[in-house]
Amino acid sequence: MIEKLDAIGSQALKDLETAASLDRLEQVRISVLGKKGALSEVLKSLGAVSAEERPKIGAVANEWKRKIDAALELRKAQLDKAALDVQLAQERVDISLPARTPHRGALHPITQTTQRIIQVFSRIGFDVVTGPEVETDYLNFEAANIPADHPARDMQDTFFMGPGVVLRTHTTSVQMRMMRAQSWPVRILCPGAVYRSDSDATHSPMFHQIEGLWVDQNVKMSDLKGTLLFFAQELFGADAKIRLRPSYFPFVEPGAEVDVSCFQCRTKISPTCRVCKGSGWLEILGAGMVHPRLFDVAGYGEDYRSKNLTGFAFGLGIERIAMLLYGIPDLRLMFQGDVRFLNQF
Ligand code: DAH
């Protein structure tokens, strides 16, 4: 029996030494040490051996098992290393290959437009300020002279966050915050995201506005007009004209909607113009003289009455301006993150 064990053992060691793959190694292991392996088979017949022979044979079998295990481990390490060497040789980095050109990111058209508008107004002394997007009902509506029963408060328009808290529906809320927080003069520009429950080709539940506010003594409607003309010409070209149409916004009196002359129909209005639909004008913003009630909310009421404190405000939608400037046909393109669209800017 011991001879049999020796024969199995030395054959196994030979086989292991020459095993050329991990698969082959496993085969050898099973054929010797597996449940039905050669070594195991011999040990099964141990029962027939006399009691004094048994421990000797057992010891020999254990010794072979130990040797085979060690040989297995050694060969496995060798094969692993060989495999790794092959892999390293195959995956060698070819540093002579030309590099991939990195994709250069660009600013989103909304960001670009916002920055252009800020640039124009900072040249005439406007400071940029921001406010929270989650706003109190009071600062978004009440303080801006929008009473509780105003249509702008309708559930369809406003996202309510909880009692007395809304997602701001316009950046006019920042105007109210700033006036309450500081005394006049105020000359600020407030860019930021605003929210309304509305969605189609020209409306998005989240969009961006810029609010402008100038409060000082003797600020007149003509100052508003001059400021907006400067803005229009800087943005749309030196020959741009503006016109003010009377309109109603609760926070200004008088209020106006402001149009800029169509930059597509520069020399002659074309009845088939795709930009202005043949009217020659493009509506770009709302504006007006700050309503006296807002001065009371701000704590400026006394100066309004005794020091001729006045002011003008305006608010514009950045997406709309970007669509006009870049000829973007559908608002939703701005928020889809499609690289083919974004690459064009
Ligand atoms: N808050 C207005 C809106 O969201 C825009 C606006 C109109 C702002 C007139 C103003 C303004 O400051 O004077 O539609």
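Tutor: The largest nonpolar core has 43 residues, and those with the most contacts inside it are Phe-231, Phe-236, Leu-285 and Phe-314. A nonpolar core here is a set of buried Ala, Val, Leu, Ile, Met, Phe, Trp, Tyr and Cys residues joined through side-chain atoms within 4.5 Å, where buried means under 20% relative accessible area, with a 1.4 Å probe and protein chains only. This is a predicted model, in which local features need pLDDT of at least 70 and side-chain atom pairs count only at pLDDT 80 or more, while totals for chains, interfaces and linings use all residues. Residues are numbered from 1 along each chain as its sequence is written, and side-chain values use heavy atoms, with hydrogens and water left out.

The elements that give two or more residues to this core are helix H5 (109-122), strand E6 (206-217), helix H8 (221-236), strand E8 (252-261), strand E9 (281-290), strand E10 (309-317) and helix H11 (318-326). These names follow DSSP runs numbered from the N terminus, with helices (H or I) of at least four residues and strands (E) of at least two. H8 gives the largest share of the core, six residues. If residues up to four places away in sequence are not counted, Phe-231 touches Ile-117, Val-120, Phe-121, Ile-284, Leu-285 and Leu-316, contact being heavy atoms within 4.5 Å. A second, separate core of 26 residues includes Phe-141, Trp-184, Val-186 and Leu-309.

From strand E6 we can move on to its partner. E5 and E6 run antiparallel and are joined by 10 bridges, and one of the pairs is Arg-187 with its bridge partner Trp-214 in E6; two strands are said to pair if DSSP finds at least two bridges between them. Strand E5 (residues 186-195) has nine of its 10 residues buried, so it is largely enclosed by the rest of the structure. E5 also pairs with strand E1 (residues 127-128), in the parallel sense and over two bridges, and there Val-128 stands opposite Leu-189 of E5. As background to both pairings, strands of a sheet pair through backbone hydrogen bonds, either parallel or antiparallel.

Definitions and conventions: Buried means under 20% relative accessible area, exposed over 50%, partly exposed in between (1.4 Å probe, protein chains only).
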